[in-house]
Amino acid sequence: SPQLTAIKIHVARPLLSLGLRLLGMYRHGNRQFRDLRVVRHALPVRRLPQPFAGFRILHMSDLHLDLDPTLVQPIAAAIRALDYDLCVMTGDYRNSTVGGWDVAVRAMRELRQAIAAPVVAVLGNHDFVAMVPPLEEAGIRFLLNESVALRRGAAALYLAGIDDPYIYRTHSLARALRRVPPLAATILLSHSPIIHEEAARRGVAAVLAGHTHGGQVCLPGGRIIMRNDASPRRLWRGAWRHGGMSGYTSPGTGSCGLPIRFNCPPEVTLHTLGAAGAGQ
């Protein structure tokens, strides 16, 4: 609601920031926010066509770039030396959920220039559909309950993307998959992993998601103490499986609310595709 949003922005966040500063913890949390890591992950994909074995996908999520647009520079530095075939983004490009989005779009345009591959994205619960045209003009292809075929010779790997399935609930997996042939190898981009059961029923091979921030503020050892998603705990961060479907939930590349993290490093993830059962 507008009232709750106003309380969060004008009361809760300033008080939390002040409290952390008084406790001497804000600077420590901000250092962790900027301690971006590159995580390499072998992603098993059922029915993966042989020409796509070794295909590399760079995955970013939850950038929230209007919170601190200078985050673009460490992201660009982290990915500069990486070799990848495609970049995917699983939502939440802005931090604020009210007002203009110009700052986030400008930062995203700057980030796009640092990405040396095609970019495919979906929307998150902080994003407005009005952001899509300027971001597509910048070279970011959005999948709005749609799919696209990636081709290597006669082989095809399908990438499907849905709108936010947790807050807005404007997703339609049936619509996103309507042009995907039966039994085709399909990777689904979803802001939240909450779609995992329906995705498995519909034969999706793998899901790439975000939204949870991996907890963002965790106990030592990375134990999550706050949740913002109704998915099972095992889906909140990193690699997971559901039946024969594989999945990966990014802990986020940025942060929400305040530019801080504790015991939960931000990451960009480099997925290397392989046949299911291999390289796990």
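**Salt bridges**

A search of the whole structure, which is a predicted model, finds 6 salt bridges. In one of them the side chains of Asp68 and Arg34 meet, with a distance of 3.1 Å from N to O. This pair links distant parts of the chain, 34 residues apart: Asp68 lies in the loop between strand S2 (56-60) and helix H3 (72-79), whereas Arg34 lies in the loop between helix H2 (26-33) and strand S1 (37-45).

**Aromatic pairs**

The count of aromatic pairs comes to 2. The rings of Tyr93 and Phe142 have centres 5.9 Å apart, and their planes stand at 90 degrees, over the 60 that the edge-to-face class requires, so the pair is edge-to-face.

**The cavity and its lining**

The model holds 1 cavity of 30 Å³ or more, and the space in the largest cavity is about 40 Å³. Its lining consists of Thr212, Gly214, Gly215, Ile224, Met226, Arg227, Asn228, Asp229 and Trp236; sorted by class, these are 3 nonpolar, 4 polar and 2 charged residues.

**Met226 and the surface patch**

Met226, one of the residues that line the largest cavity, is placed in the loop between strand S11 (223-224) and strand S12 (238-242). Met226 also takes part in a nonpolar patch on the surface, which it forms with Leu219 and Ile225, and the accessible area of these residues together is about 280 Å².

Note on methods:
Residues numbered from 1 in each chain as written. Predicted model: local features only at pLDDT ≥ 70, side-chain atom pairs only at ≥ 80, totals over all residues. Heavy atoms only, no water. Patch = residues over 30% accessible without salt bridge, like charges linked within 9 Å, V, L, I, M, F, W, Y side chains within 5 Å. Areas by Shrake-Rupley, 256 points an atom, 1.4 Å probe, with all protein chains shown as cover. Salt bridge = Lys/Arg side-chain N within 4 Å of Asp/Glu carboxyl O. Helix = DSSP H or I, 4+ residues; strand = E, 2+ residues; numbered from the N terminus. 1 Å grid on protein atoms, 1.4 Å probe; cavity = no way out; pocket = protein on both sides within 12 Å on 5 of 7 lines; lining within 4 Å. Points joined across faces, edges and corners; volume = space filled by probe spheres on them. Nonpolar A, V, L, I, M, F, W, Y, C, P; charged D, E, K, R; others polar. Phe/Tyr/Trp six-rings, centres within 6.5 Å; stacked < 30°, edge-to-face > 60°.
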